[in-house]
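Keep the viewer open as you read.

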Amino acid sequence: MTTQTGYELRKFVAPEFVYGIGALNLIGRYAKNFAARKTLIVTDPGVVAAGWLEKATKSLASENIPWAVFQGTTPNPKDYEVANGVEFYRENECDVIIALGGGSPMDCAKGIGIAFANRKDVLAFEGVDEVPIPGPPLLCIPTTAGTAADVSQFAIIADTSRNLKIAIVSKTVVPDIALIDPETTTTMPGELTAATGMDALVHAIEAYVSNASSPVTDLNALAAITLLAKNLISAMEQPNEIGFRHNMMLGSLLAGLAFSNAGLGLVHSMAHSMGGLLDSPHGICNALLLDHVVNFNYQAVPERYDRIAQAMGLKLDGLPPESRKEALLKCIAGLRKDAGIVATIGSVGVTAGHLPQLANNALHDPCSVTNPRPASVQDIEALYARALAQ
Ligand SMILES: [Fe+2]
């Protein structure tokens, strides 16, 4: 089988989604469509403080649908938080789950649904297609432009006994409906806009160079790269300007459709490993690792990285390959720094002593499988060492 013709068999999975300003207000109607008797809302204190829970519950109230609110998630959602959520869901006799927030509430909600339905600990579903019974209906409302868990087949949960993150990859964790409302991102602070925006950019880049990419994921990934690279800094500088927020949300959505189907790569393997061991923030890890991984991967698929550079707005005509790579690396590092992410991975807790374990865990992360250049544990440790040094 060839890999570059674009004619290989490829499946594309995506949920139904409603995109646009006011999508949040449809939650009552959609919960009713799923015949909800009582909904569990999984969210977090930041989203509540921003006023989005109040809007969502107003919509539910207008349809006479009761709810119970579970706020017990933290960044890098943990196995025991999912277990607490299952207990809460059962105690409150809910039958539909609503996730309202960024990646952490959404992944936690996915975990609650499948753990409840299968009567097992969430860690039992690690890997690809390991969920026998789908969970109850899951309705997602993302409030960040980054994670795209609202359209993805992924749920990432921290295994706190092994200090690593597990990936659950299954059609059963694709939400039943995503209500994607760019207005919900206007309340994100600048640092969160930066971290989640860089996460989305990494989703698109890793999907585009993935071994499992396809013509459909390519289209989504390239469009996402252009939208995200063009609008990230503007969205940070003018947080209430809905046009920039719309472009970032659309970029995140397209990146999510791409990576959910094409898979990711070493940036995510290495970021997951850091999140599991050190509870480091996901988007910041990705941002700090991206240029180092591009530098390592470039030789495997140079024409793909050149296309990424063009999608980010670079002119490469007449440049030799080495200069094209340098131009892309400079562009990525420049965007990250403009977004205020300027330190090394030492800033999120990594020390030289952590590198062997981090590298070993990253090697076994499922995202490593679709990285375009095979990497040994030594390669990965060397990448961490570079990211720690500069
Ligand atoms: Fe990510």
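The paragraphs below look at the pockets, then at one helix, then at the cysteines. Please bear in mind that this is a predicted model.

Let's begin with open space. Rolling a probe the size of a water molecule over the atoms shows where empty space is left. The largest pocket has a volume of about 830 Å³. Its lining is made up of 41 residues, and those nearest the centre are Gly 102, Gly 103, Ser 104, Leu 192 and Thr 196. Several elements give two or more residues to this lining: helix 2 (45-49), helix 5 (103-118), strand 7 (154-159), helix 6 (190-209), helix 9 (266-278) and helix 10 (282-297). Helix 6 is the top contributor, with five residues. If you colour the lining of the largest pocket by class, you will find 17 nonpolar, 20 polar and four charged residues.

Now move to the second largest pocket, which holds about 470 Å³ of space. It is lined by 20 residues, and Val 128, Gln 153, Val 169, Ser 260 and Asn 261 are the closest to its centre. Here helix 8 (residues 242-262) supplies the largest share of the lining, four residues. Sorted by class, the lining of the second largest pocket comprises ten nonpolar, six polar and four charged residues.

Helix 9 deserves a visit of its own. Its 13 residues span 18 Å from the first C-alpha to the last, close to the 18 Å expected at 1.5 Å a residue. Is helix 9 largely enclosed or open? Twelve of its 13 residues are buried, so helix 9 is largely enclosed by the rest of the structure. Among the buried residues are His 268, Met 270, His 272 and Met 274. The cover over the buried residues of helix 9 includes strand 7, strand 8 (164-169), helix 6, helix 10, helix 13 (355-363) and helix 14 (377-389). After helix 9 comes Asp 279, which has a positive phi, near 60 degrees.

Finally, the cysteines. A disulfide is a covalent bond between the sulfur atoms of two cysteines. How many disulfides does a search of the whole structure find? The count is zero. Take Cys 94: the closest cysteine sulfur, in Cys 108, is 13 Å from its own, too far for a bond. Cys 94 also counts as buried, because its relative accessibility is 8%, under the 20% cut-off. Cys 140 is in no disulfide either, and its nearest cysteine sulfur, that of Cys 108, is 12 Å away. With a relative accessible area of 0%, Cys 140 is buried.

Technical notes: Residues are numbered from 1 along each chain as its sequence is written. This is a predicted model: local features need pLDDT of at least 70, side-chain atom pairs count only at pLDDT 80 or more; totals for chains, interfaces and linings use all residues. Side-chain values use heavy atoms; hydrogens and water are left out. On a 1 Å grid over the protein atoms alone, a cavity is a set of points where a 1.4 Å probe fits but cannot get out, and a pocket is an open set with protein on both sides within 12 Å along at least five of seven lines; lining residues have an atom within 4 Å of a point. Grid points are joined across faces, edges and corners, and a volume is the space filled by probe spheres set on the points. Ala, Val, Leu, Ile, Met, Phe, Trp, Tyr, Cys and Pro count as nonpolar, Asp, Glu, Lys and Arg as charged, and the others, Gly among them, as polar. The expected span of a helix is 1.5 Å times one less than its number of residues. Buried means under 20% relative accessible area, exposed over 50%, partly exposed in between (1.4 Å probe, protein chains only). Contact means heavy atoms within 4.5 Å. A disulfide is a pair of cysteine sulfur atoms within 2.5 Å.
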